[in-house]
Amino acid sequence: MTLQIGDLAPDFTAESATGELRFHEWLGESWGILFSHPADFTPVCTTELGAAARLEPEFARRDTKIAAVSVDSAKNHRTWAKDIAETQGAQVNFPMIADSDRSVADLYGMIHPNASDTATVRTVFVIGPDKKIKLTMTYPASTGRNFAEILRVLDSLQLTAQHQLATPADWQQGQEVVITAAVSEEEAAIRFPGYRTVRPYLRLTDQP
Ligand code: BEZ
């Protein structure tokens, strides 16, 4: 069954390039991002892992741990990580899960047989501190993901979790945000003084 937003992110124990990973234990109280790529030693994946490695300090600043997964072996992950460092200018310091038996891929529905019988597609699962799935993305093998966008949606999710605020289309850090319907007018006046009512259902305020 497809994992959906709000579902518990399944726990697993798997080998990684740097040793055994107990997923829920490793996540602890942090946010987490689990993302799959089709294969080591392929061009688009090399650029993606480089992009994720460059942004890892930004994810860490948001109390978010990231982990990559593919059906390649831990040995291949370790060798490929050297290529990534040399060609992308960034060291992969996050876990690279070696899912040779496809158990993680099956648990998370990362293999889409009509795309490929053997390789994972490019999935992203953002997981909250409650271990529930907050966001999913699926890209085909031919399209590299925008990791700045993944950071942007993480900012939006964390804003919602902390302040009952939502983010409008194309929102970027520092721009106005949306007060959700869960906040009454009385409460909005106290929590977001000076907020703007464009329509009763469209209320905007500065980002806290
Ligand atoms: C790539 O990363 O370039 C790639 C991987 C698998 C299939 C197609 C492209």
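This is a predicted model: local features need pLDDT of at least 70, side-chain atom pairs count only at pLDDT 80 or more; totals for chains, interfaces and linings use all residues.

Trainee: Which parts of the chain does the pair of F12 and Y108 tie together?

Mentor: F12 lies in the segment before β1 (13–16), while Y108 is in the loop between α4 (103–107) and β6 (122–127), so the pair links parts that are 96 residues apart in sequence.

Trainee: Is F12 buried or exposed, and is Y108 buried or exposed?

Mentor: Buried means under 20% relative accessible area. F12 has 7% and is therefore buried. Y108 is at 2% relative accessibility, so Y108 counts as buried.

Trainee: Why is the pair of F35 and F147 classed as edge-to-face?

Mentor: The ring centres of F35 and F147 are 5.5 Å apart and the planes stand at 70°, so the pair is edge-to-face. F35 belongs to strand β3 (residues 31–36) and F147 to helix α5 (residues 147–163), so this pair ties together parts 112 residues apart in sequence. F35 is buried at 2% relative accessibility, and F147 is buried with a relative accessible area of 6%.

Trainee: Which residues form one aromatic cluster with F12?

Mentor: The cluster consists of F12, F23, W26, Y108 and F125.

Trainee: What lies over the face of W26?

Mentor: For a charge over a ring, check the distance to the ring centre, with a cut-off of 6 Å for NZ of Lys. K65 lies over the face of W26, at 5.7 Å from the ring centre.

Trainee: Now the backbone. What is phi of Q164, and where is Q164 found?

Mentor: Look for positive phi in residues other than glycine. Q164 has phi near 55°. Q164 is in the loop between α5 and β8 (165–166), and counts as partly exposed at 32% relative accessibility.

Trainee: What is phi of D170, and where is D170 found?

Mentor: Phi of D170 is near 65°, again a positive value in a residue other than glycine. D170 sits in the loop between β8 and β9 (177–179). With a relative accessible area of 64%, D170 is exposed.

Methods:
Residues are numbered from 1 along each chain as its sequence is written. Side-chain values use heavy atoms; hydrogens and water are left out. Helices (H or I, at least four residues) and strands (E, at least two) are DSSP runs, numbered from the N terminus. Buried means under 20% relative accessible area, exposed over 50%, partly exposed in between (1.4 Å probe, protein chains only). Rings of Phe, Tyr and Trp (its six-membered ring) pair if their centres lie within 6.5 Å; planes under 30 degrees apart count as stacked, over 60 as edge-to-face and the rest as tilted. A charge sits over a ring if NZ of Lys or CZ of Arg is within 6 Å of the ring centre and within 35 degrees of the ring normal.
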